Amino acid sequence: MAQVPQPLDALAVRTWCTLALQALGRAREEIDAINVYPVADGDTGTNLYLTLESAAAAVEAVFAGYETGAAADAPRPTLADTIQAMAHGALIGARGNSGTILAQLLRGMAEVLAADDGSARDDARMLRLALRQAADSARQAVAHPVEGTVLSVASAAADALTGAEGDCGDVARAAYEGARAALMATPGQLAALKRAGVVDAGGRGLVEVLAALVETLTGEAPRPPQGIHARVESAPPTASLEREDARTDTCEDLCADESGPAYEVIYLLEADDAAVARLRERLDALGDSLVVVGGDGLWNVHVHVDDAGAAVEAGVEAGRPYRIRITHFAAGDVHTGGAGRPPRERAQRAVVAVVPGEGLAALYEEAGATAVLARAGEPPASGELVAALRRAHAREVVLLPNDADLRHTAAAAAEQARAEGVRVALIPTRSAVQGIAALAVHEPERRFDEDVVAMTSAAGATRYAEVTIAERQAWTMAGICQAGDVLGLVDGDVAVIGSDITATAETVLDRMLAAGGEMVTLVLGDEAPASVAAHLEARVRETYLAVDTVVYDGGRQGPPLLIGVE
């Protein structure tokens, strides 16, 4: 369906995000399939999609903030509001080398478009300047720029605007045509692409993003370039997960002479410019594919290294790293020189679970599950859950969202995986302690339906609670709480308001055990008092006969304490 042309304003940014996300969703598998540089791990399309999904969510949050309770004549979001949100969302959600570069491209555009939001501005001129700044800033963010990559495609898009006339739609179309031509030239610039017979995957994704910009500003989707899907179109129309196995073999055969570091390290970093400059030098000496994007005290760091610990330590020395992700490239990946290794056989069954802290993530993974870390205020998006379902690499998957607010997100991810040929059962767990109960009875040797029924029953038989700290004054089921009060929530509702974590936890536990129970599970967060576990264990032992207690370390999980009673 044709879009209505839009001026360069807040609504245009929102539409651009929506169309670009849809385009990357459609092209994700194709882009993953041609990913051979810098690492042939088949995830460029997925990383671009997840990065833009985070950007789109940030833009929607801006509109939601203005629309909630707003009168008809209330102020609306500005271009500056939305383009800055888009750039910030991409920065904090950037995945992989390609996603990190895309985040910097959007930041470069935001630096220009947010600088002047007055009504007398020349939109076409601003868009030309924004695309130029995007290309230049992305190139500067990469330690060792390589031609034939997304950087070349971005630069060509900006170069095509020299002397370009017309309105914003004409500017966007010229940039798209320049990027499209540059993309088709990438195999001649990079040997790995030429050997594989493909165009650059990151550049392919950028062309989709620019096509969405053209459609936003003109109302017409540009025609895709001929030959852009060459190797993908020639592949047999098998299920997507089977194509991934075939793609691994192809990449290994084509690029077997390449090798490199074993780990990808990504983290957000709060640091000043001088510290980041020193960090760049330190990381450049440790590995390759170094990209550092951001500014104004918040950065996204991406690097491939053999010593992941040293890369994180360098971040600690520079400032405060967080949301740290370390990925070990599979032994069969081209990047680790594992040519000739047969494709990894898919498991029959796996469990994927969303968990609120590093400690629980380790616990779930020790039990054989694939863990998706959810930090406070940063729930995983559907694309992240889909990526985890693929990473589980199984024919049957049990999905544990462990949060009532994630039920729709998890359902969407499950549907996507089912469309790719994976049998997925979504168990509506509302807390990590319910997930622990379900995982405890998981038996892969059982029939799938029987296993799901047993896990569902165990989760449903587990009452859950948490002890947390109120952030602000609010009305609750237990009365009015003030900021700083200790809240005891049972099955999602505030049941106790107190002033001490240990005392409140004891009251909550007594209320839960009043209805009976055989097993108490305590998950301690970093902010829990050191003595709370021993106190509650003693309380259970002295007051409730034949009730066992098990304690786990949840790490930085948000609430100081999670409680489960089976």
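**Note on the salt bridges**

1. In this predicted model, Arg-95 forms a salt bridge (a side-chain nitrogen of Lys or Arg within 4 Å of a carboxyl oxygen of Asp or Glu) with Glu-384, and the closest N and O atoms are 2.9 Å apart. Arg-95 lies in the loop between α3 (79-93) and α4 (96-113), while Glu-384 belongs to helix α15 (residues 382-392), so the pair ties together parts that are 289 residues apart in sequence. Helices here are DSSP runs of H or I with at least four residues, numbered from the N terminus. Both partners, Arg-95 and Glu-384, are buried, where buried means under 20% relative accessible area, exposed over 50%, and partly exposed in between (1.4 Å probe, protein chains only).

2. A salt bridge also joins Arg-282 to Glu-317, with 2.8 Å between the closest N and O atoms. This pair links distant parts of the chain, 35 residues apart, as Arg-282 sits in helix α12 (residues 273-286) and Glu-317 in helix α13 (residues 308-318). Arg-282 has 31% relative accessibility and therefore counts as partly exposed, whereas Glu-317, at 60%, counts as exposed.

3. Arg-539 and Glu-506 meet through their side chains in a salt bridge of 3.7 Å, N to O. Arg-539 is in helix α20 (residues 532-543) and Glu-506 in helix α19 (residues 501-513), so parts 33 residues apart in sequence are tied together.

4. The structure holds 27 salt bridges, and a network of them links Arg-349, Glu-396, Arg-423, Arg-446, Arg-447, Asp-449, Glu-450 and Asp-451.

5. Local features need pLDDT of at least 70, side-chain atom pairs count only at pLDDT 80 or more, and totals for chains, interfaces and linings use all residues. Residues are numbered from 1 along each chain as its sequence is written, and side-chain values use heavy atoms, with hydrogens and water left out.

Note on methods:
Helices (H or I, at least four residues) and strands (E, at least two) are DSSP runs, numbered from the N terminus.
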